[in-house]
Amino acid sequence: MNNTEKIKELFKILDEAEIYARAIGKMDFDMQTVAPEEGMDRAGEDIAFLSKKHFELTHSHKYAALVRELHGDSADLTPLHKKTVDKLYEEWEKEKNLDEDFVYRFNLASNKAFSRWISAKKEKDFSIFRDSFKEVVDFTREMVEKRDTRHATVYDALLDDYEKDGSIKQLDAFFE
């Protein structure tokens, strides 16, 4: 299979994954804006289920092989396709050591934490949120620790996710 065929196969997978991503986005928006409190946990379970399906698509053997092969040999790719493949490869590298069950449990914990956060704000009692927040922090640490690439701290790894090459040291220098 040549690179043109590979990119078409990759985009078929991405098109299907995008259906899940849009559904997750709509449900998340609904959960944050109009969902009744008593329905938030169920909505969180639905989002976690769809997130697991999205993860399964974007971490299948076929998807991984296409991303690795196209990243390793980008001949005949347009600049846009090359940039897309580079970004997909970078994301896949961060998540390749995770499994569907971990992603599902992380999403359940995150969505549960959101509903607890809403309750805590309403009750002005943030102890309601404490345990859920700790669970999300623990999942996040575990997720970062499963990566092959190491940073000085977990926080540096998370900064790098959003600000390439960002670090605590860099931020400290900026804010001084």
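At what angle do helix α6 and helix α7 pack, and how far apart are their axes? I started my notes there, keeping in mind that this is a predicted model.

**Two helices.** I looked up α6, residues 127-145, and α7, residues 154-162. They pack at an angle of about 80°, and their axes are 10 Å apart. Angles of 65 to 115 degrees count as roughly perpendicular, so α6 is roughly perpendicular to α7.

Next I wanted to know which residues make the contact. From α6 I noted Thr140, Arg141, Val144 and Glu145, and from α7 Val154, Ala157 and Leu158. I sorted the residues of this contact by type and got four nonpolar, one polar and two charged.

Which residues make the nonpolar surface patch? I wrote down Tyr155, Leu171, Phe174 and Phe175, which together make a patch of about 500 Å². Helix α8, residues 168-175, gives the most to this nonpolar patch, with three residues. Leu171 is a residue I placed in α8.

**Salt bridges.** How many salt bridges are there? My count came to 22, taking a side-chain nitrogen of Lys or Arg within 4 Å of a carboxyl oxygen of Asp or Glu. I picked out Lys122 with Glu37, where the closest N and O atoms are 3.2 Å apart. Lys122 lies in helix α5 (residues 100-123), while Glu37 is in the loop between α1 (3-33) and α2 (40-58), so this pair ties together parts that are 85 residues apart in sequence.

Notes
Residues are numbered from 1 along each chain as its sequence is written. This is a predicted model: local features need pLDDT of at least 70, side-chain atom pairs count only at pLDDT 80 or more; totals for chains, interfaces and linings use all residues. Side-chain values use heavy atoms; hydrogens and water are left out. Axes are lines fitted to C-alpha atoms, for helices over the stretch in contact, and angles run from 0 to 180 degrees between N-to-C directions. Helices (H or I, at least four residues) and strands (E, at least two) are DSSP runs, numbered from the N terminus. Angles under 35 degrees count as roughly parallel, over 145 as roughly antiparallel, 65 to 115 as roughly perpendicular and the rest as oblique. Contact means heavy atoms within 4.5 Å. Ala, Val, Leu, Ile, Met, Phe, Trp, Tyr, Cys and Pro count as nonpolar, Asp, Glu, Lys and Arg as charged, and the others, Gly among them, as polar. Patches are made of residues with over 30% relative accessible area and no salt bridge: like charges are joined within 9 Å, nonpolar side chains (Val, Leu, Ile, Met, Phe, Trp, Tyr) within 5 Å. Accessible areas come from the Shrake-Rupley method with a 1.4 Å probe; for residues, only the protein chains shown count as cover.
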